[in-house]
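Subject: Structure handover

Hello,

Here is the structure for you to look at. Please open it before you read the notes below.

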Amino acid sequence: MSVLLTILAALIATGACAYHRTSLRTWAIATLAATFVVGLFSGAIGTMVILLIIELAIAVPLLMVSFRRRNITAPILKTFAKVTPKLSDTEQTALEAGTIGFEGELFSGKPDWSVLMRQPKPVLSVEEQAFMDGPVEELCGMLDDWQITHELADLPPNVWDFIKKNKFFGMIIPKSYGGLQFSALAHSAVLQKLSTISSTVASTVAVPNSLGPAELLLHYGSDEQKNHYLPRLAVGEDIPCFALTGPYAGSDATSLPDYGIVCKQTVDGVETLGLKLTFNKHYITLAPIATVVGLAFRMYDPEHLLGEKEDLGITLALLPRATPGLQIGRRHFPLNVPFQNGPVQGKDVFVPMSTLIGGPHMAGHGWRMLVECLSVGRAISLPSSATGAVRGAVAATGAYARIRKQFGLSIARFEGVEEALARIGGLTYATAALSKSTAAAVDRGEKPAVTSAIAKYHATEWGREVAANTMDVLGGKGVQMGPKNYAGRSFQAVPIAITVEGANIMTRSLMIFGQGAIRCHPYVLKEMQALAIADRSEQLKTFDRLLFSHLGFGVSNAVRSLVLGLTGSRLGESAGDAYTRRYYRKLDRYSAALALCADVFMGVLGGKLKFKEKLSARLGDVLSNIYIASAMLKHYEDSGRPESDRPLLAWAFHECMWRTQTALDGAIRNFPVRPVAWLLRALVFPFGRREVPPSDRLGRRVAALITGPSEARDHLLEYVYLTPTPNNVVGRLNALLPEVILAEPVDRKFAKAQKSGQFKSLEYVDQLAEAEKAGVLTATESALLKHVRESLYEFISVDDFHTDELRAFKTRADRQAEAQADAWIRKPEVRTPESAEG
């Protein structure tokens, strides 16, 4: 027993030091002291001596810094340099672009929650709120989505004029250039509200305020370019698009086949240095109506007119629509959601060097320009649009489930429907918190490369889940298209968000963990950068410090993961109040598990890990879910810890933890080095997988919250357009909801009388009259039921059409003939040298 006590004392001392991340010196002293004291008093002298010798044999070489660097660190550094894959220029640029926020804390294994709590609460300014209450509200009132999507396949002229006049395209442009200069939060709020009434309009407004000419000009444009374009872009005098994607380079933007050759050409009698551009782009939003086209291409200088380098790399330019040879105007048709989208093409299009964004000195810097700006746009546009869509689903589906009856009961009372409603409510709470978190990061000056990918992927994926659950609840109502169908177009549009700004498969499997593992890790990137230090002595010194800090970090995370797993995340102090403290502790546990698994996976697999996309995707899911959970907790704190929101927070948090556990289990179960996987499982899941999905009881509470007026429902419906205008079915549906609820006890009384056979009439209105005459209902109650039934018909009925209304205006043969004629017209003219000079 004394021997075991001595060994246990040494292990406890070591574990305590690792758990609290003490210095190496503190660890050595604490472990030696514990071994000596317990061994001496327990009488296990022999065991004590052996343990002290072992501990000294480990501690002394490590504490002798010069000896350690020469005999331990130097060989490791040599091996590390050989096995570390060299980053390509594009990978290096992507890693260096952007900043790290609280996600870095989550990767630390020991998050400092005070960092999160100190972040300012995101709020709209007075001016921004006035814009939401004024022009945004007015624009929403002008929109008829059926007219836009089915009748016109475009926005009406008055809507285009209103958008331009009120500077919707200039939200990110500074006031000095005539823009609105709104915060990212306001930008997000505008897109959310527009998305609840028309995804076409939301997309139209999003693109000029996302990655495109305006943002690129703000960061890299010359003064001349800024002064010319930005005021015109702000008021819609110029409509921008940005042409990046092509048939042979989609998500792999670094493989652009589009090129520009540096050359000289006579223009208006003057020899001009410029480029001949050849490009073929598609999926370009706003291209058909754009007056200025941002273009990404690879630039070559074979005649060395600019310098010695021939391949200058990816470059960005701005082309006016009137540029000779620029072919735009035709349209794609993305899943019946007719935002302006189409191809941009050109063959040997000559442009002067002044068209390069930033001027000639920015040639070859296009990839850096793109990745630095893309994170900001990705953090706002699609997450905000998806958030607006799911908020709208809460408003529509919650109300519809309450008013729609089957078998004499509101369908919201059926457990199958209740389950779908719970997912809609819980995922909307999580998505809203995530969207607000990334917008707030942008407003704090961050360029959130990792969290923008998390927001884009999960907001759009959860948008897909919510849309599917909405259609499940609506049933036949959801599949019959027409002005009365408020869900069909949103359901159709879901795959668009999934595929753009980085396809979701790529975002999940390559970007989230691929960038996060290196960018967020406290040591990996620094260790890789240490290899570039030219001075050998300084390199060894730096690498030694990082290496042993990293080793201590790994041991600490292993101990923390095991201890927090054994104690069920109940150990230690944490942030939050009595209700949320358990949530913060659980995040502490999974933060340690993520950091441990990331270290082990990278250490064992090395450069091969980036080809193990399914493993990377699962670790990315872990990072994503604990980041989203932390965003929800921050949102809960910023909202004043409302008790009404607790069911929503609890449902969404447990769902995130269930998904976190599933992802961790999948990563460990599929790790190819099995002994390592067994060890990881023992450290991460010492008692097995204990997380469970949200309970049925909790789901019932969430469903109840979104199917009737409540404070929590009002929070979820922030930024939803609910004004009951003629063209806003959801607004009118929600306006009727209080009357439906008021009529429910009266309806139950009436239904009881119906079942008892008191009425002879078969028509509902006649039965109401009988009930009133018999004293079953008062005149007021009878009038209420009649009014509610008549009003409900609009929302449970569907549209029908004459066949001629559904036929295409032009047949496919008509369109093919027009396309052939158009292609002939657009054939490049064969020009002789004489005609070229002329």
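In which helix does Asn-625 lie? Asn-625 lies in helix H24, residues 613-638. Helices (H or I, at least four residues) and strands (E, at least two) are DSSP runs, numbered from the N terminus.

Some ground rules. Residues are numbered from 1 along each chain as its sequence is written, and side-chain values use heavy atoms, with hydrogens and water left out. The model is predicted: local features need pLDDT of at least 70, side-chain atom pairs count only at pLDDT 80 or more, and totals for chains, interfaces and linings use all residues.

Back to Asn-625. With a relative accessibility of 2%, Asn-625 counts as buried. Buried means under 20% relative accessible area, exposed means over 50%, and partly exposed is in between (1.4 Å probe, protein chains only). Leaving out residues up to four places away in sequence, Asn-625 touches Trp-462, Cys-656, Met-657, Arg-659 and Thr-660. A contact means heavy atoms within 4.5 Å.

The whole chain

The protein chain has 34 helices and 9 strands. Its radius of gyration is 32 Å, close to the 28 Å that the globule rule gives for 838 residues, so the chain is as compact as a globular protein of that length. That radius is taken over C-alpha atoms, and the rule is 2.2 Å times the number of residues to the power 0.38. Along the principal axes, the C-alpha atoms fill a box of roughly 100 × 95 × 45 Å. Of the 838 residues, 54% count as buried. Take the contacts between residues at least 6 apart in sequence: 75% of them join residues at least 24 apart.

Helix H2

H2 (residues 24-42) has 19 residues. From first C-alpha to last it reaches 27 Å, close to the 27 Å expected at 1.5 Å a residue. The expected span is 1.5 Å times one less than the number of residues. Which residues of H2 are buried? They are Trp-27, Ala-28, Thr-31, Ala-34, Thr-35 and Gly-39. Seen down the axis, they fall within an arc of 145°, so they line one face of H2. The arc is that of the directions from the helix axis to the C-beta atoms. These buried residues pack against helix H1 (2-20) and helix H3 (45-63). The face turned away from the buried side carries the exposed residues Arg-25, Ile-29 and Phe-41. Gly-43 follows H2 and has a positive phi, near 85°.

Aromatic rings

Rings of Phe, Tyr and Trp (its six-membered ring) pair if their centres lie within 6.5 Å; planes under 30 degrees apart count as stacked, over 60 as edge-to-face and the rest as tilted. By this rule there are 16 aromatic pairs. In one of them, the rings of Phe-102 and Trp-113 have centres 5.4 Å apart and planes at 40°, so the pair is tilted. Phe-102 lies in the loop between helix H5 (89-96) and helix H6 (103-106), and Trp-113 in helix H7 (residues 113-117), so the pair ties together parts 11 residues apart in sequence. Phe-102 counts as buried at 4% relative accessibility, and Trp-113 does at 5%.

Phe-131 and Phe-168 also form a tilted pair, 5.0 Å centre to centre with 50° between the planes. Phe-131 is buried, and so is Phe-168. Phe-131, Phe-162, Phe-168 and Phe-182 form one aromatic cluster.

Best wishes
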